[in-house]
4 protein chains.
Amino acid sequence: MTPPLTRRRTPDSADVRRRILDAATALFARDGFDATATSAVARAAGVPKGLLFYHFPTKIDLLRNLLAERLPASPLCGVASVVVPGDIAASLVALHAELGLDQHQSLVLRIVVFREAQTHPEVGEHVRRLRAGLVAVTEEVLDAASVRPLGPEDRRSAARTFVAVVLDHANAERFGGAESDIEGAARLLAGGLYAGQRAR
Amino acid sequence: MTPPLTRRRTPDSADVRRRILDAATALFARDGFDATATSAVARAAGVPKGLLFYHFPTKIDLLRNLLAERLPASPLCGVASVVVPGDIAASLVALHAELGLDQHQSLVLRIVVFREAQTHPEVGEHVRRLRAGLVAVTEEVLDAASVRPLGPEDRRSAARTFVAVVLDHANAERFGGAESDIEGAARLLAGGLYAGQRAR
Amino acid sequence: MTPPLTRRRTPDSADVRRRILDAATALFARDGFDATATSAVARAAGVPKGLLFYHFPTKIDLLRNLLAERLPASPLCGVASVVVPGDIAASLVALHAELGLDQHQSLVLRIVVFREAQTHPEVGEHVRRLRAGLVAVTEEVLDAASVRPLGPEDRRSAARTFVAVVLDHANAERFGGAESDIEGAARLLAGGLYAGQRAR
Amino acid sequence: MTPPLTRRRTPDSADVRRRILDAATALFARDGFDATATSAVARAAGVPKGLLFYHFPTKIDLLRNLLAERLPASPLCGVASVVVPGDIAASLVALHAELGLDQHQSLVLRIVVFREAQTHPEVGEHVRRLRAGLVAVTEEVLDAASVRPLGPEDRRSAARTFVAVVLDHANAERFGGAESDIEGAARLLAGGLYAGQRAR
DNA sequence: AATGAATGAGAATTCATTCAT
DNA sequence: CATGAATGAATTCTCATTCAT
């Protein structure tokens, strides 16, 4: 009585796909794309090498599908949840937490992606879209959190700066160099935005 | 008439070493460390493969020596030259220009280094030292540029934020995603620092 | 109203078989037997891979069945149609046209067959039978066209020579090297046969 | 005191090259190009796989070098040695023997070449040149052997026919189908040429 | 009969490194 | 110091064939 849903694949097949992508995610993140052998992905996923290439005809397809299926370019569903009205700094910190760039898969993927951005053009494109999405959402948060309207230039500069801090933070974390502090940046940017307004 | 005293190596040998490192720099930057074959480095340097391994017994030694000889962890000789007294924003922008992360070999090397930081621990260590040096020099610049003494926390947060922007900028440039604006960040941070002071 | 009696297979099944063999013919001809993947045959035929192996348990079975069903070893039904009494040369040219080695599927198959003759013994056997059949039919044509009885040796030599020309012509066509001229060979052989007779 | 000749390669290296080409010749001839694994060539040559690819970067380079170094497109040095003045048939038979298409490496190579002519364009080109060279040399032989001047059309047709017979003969031999007789063809063509002359 | 996922042996090629000369 | 041939393990990818459903 249950309809076949929208899947053409066997449950088994879907599971295999998922396990392969899980394994690829973990290994790419740990060792990098180039340094990860497809055989290692297959082993980690518990499938024979041939099956990996049945699902992903070339190695780069693994990365491609990782991006397409697991790393949406639009990083957030709604902005409302993180906004603390009247407190720009707190809103930015909440945004950073909500983005979850520091933890779990998301981080892992983004890092992989940064590393391969140069070598694989399509990956670079994805990274550019991701960055643009982050800037856009940050601008929204700034607008919603500010009690006064923000100048478009300041708003954009603040958003870009914050995104740079967030991405650099994620990037730095992987080799233990995460010295940057999100809170400090948020506080200074909030101050700078109001100072800018005042100056006008 | 006497040969140069500061060299233990023959001029030829020194020249070969230099050509190899030049070639390695260019190729690592373009293709990444993993994707660059030692044979490609030898070919680009115009030396036989055997000679390359005579000078650098393993591939990672190439990277190691690149760091040791060409990428000083202390990024600047003097701070005075970039400081615009009384204008924090202008000083930061001048600092960025002086660092020269955007151009020439320096950039190239740093990028390579970022990419391999995770995979090769010693490279990660170098990157950490570089970041610490950048933060320290930025703090110095902030202190020298500010007309009023800065709170240590604010100063450090501002320095870290600015370094994050600078590194993210360099990092993003390589795949054409360089949206960040140094000037905007400098302006907002300057504003934020004074706003913070006032608030105290 | 009754289903066709000469078929043991369902119409569908017969259709699938035919489509598979059609696809195999085309691909083997274009790329060679070894270089054609069974999956490519299945795709070209529009059938799932499993079904292909249901009908033809191994890859070589495809070739075997191609020979058995589509490349009769006796190349001609009747000889009368091509004979021009009294004109050996014209008869040979007509024979060549009738054989149709230069065009359509027949050519395609024969070429495949030549290529694999060495590697697959049973294919070689088929090629030998085909050649023998061609020689036999050519001898018949020579006999029927000649106004005088031909010596058996000359007749056989002429037939073999003509068959060699015809096969080489077909063989050469596939890589654009078809320089041989059927008409010239026919004319010279006709002349040679009469010259031989006179000398006796 | 002996000059280094014209070799830049080590004697060893030259030997390795030769052994690899020998092995490739034998295996390509026996099994075909596509069906011969590079590992099989290396094993037969007694060298590690890596060394094979050091000398011949890709598999097709093996075939390319085989053609360039061992299968001259001009098949004969001088024509005089095979000509029997006044006896066209005997001259053709001698030509065939001199060409040596039936025996040794030459045969082997030509067969390989025929098989791959379609799939690998450059090989096809070589085959075309070879055929043209054979026709040209055969025409020379016919001219030198004939006591009377031959019409250009007849001469060319006879040459093409003879070359077709010779090539088909070589081609057929590999799967035991060598029924064609060179002598018979030579005799009939000789007769045909004179018959043609008389008729004019 | 039909299906397409699963399997694993093997293909071509790459590459860091060694070593005899 | 210099050289480039030699080495073989590892890599990405292919493919005929099987099999559970």
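Reading from the N terminus, chain A's elements go α-α-α-α-α-α-α-α-α. This is a predicted model, in which local features need pLDDT of at least 70, side-chain atom pairs count only at pLDDT 80 or more, and totals for chains, interfaces and linings use all residues. Residues are numbered from 1 along each chain as its sequence is written, chains are lettered from A and ligands numbered from 1 in the order written, and side-chain values use heavy atoms, leaving out hydrogens and water.

**Exercise 1.** Work out how many helices and strands chain A has, and how much of chain A is buried.

*Solution.* Start with the elements: chain A has nine helices and zero strands (DSSP runs, H or I of at least four residues for helices, E of at least two for strands). Next, of its 200 residues, 55% are buried (under 20% relative accessible area, 1.4 Å probe, protein chains only).

**Exercise 2.** Track down what lies beside the phosphate oxygens of DNA strand F.

*Solution.* First, a backbone N or O atom of Thr38(A) sits 2.8 Å from one. Now try chain C, where a polar backbone atom of Lys59(C) is 2.8 Å from a phosphate oxygen. Finally, in chain D, a side-chain N or O atom of His55(D) is 2.9 Å from a phosphate oxygen.

How values were computed
Polar contact = N/O pair within 3.5 Å; in protein donor to acceptor, adjacent residues only side chain to side chain. Buried < 20%, exposed > 50% of the residue type's maximum accessible area, 1.4 Å probe, protein only.
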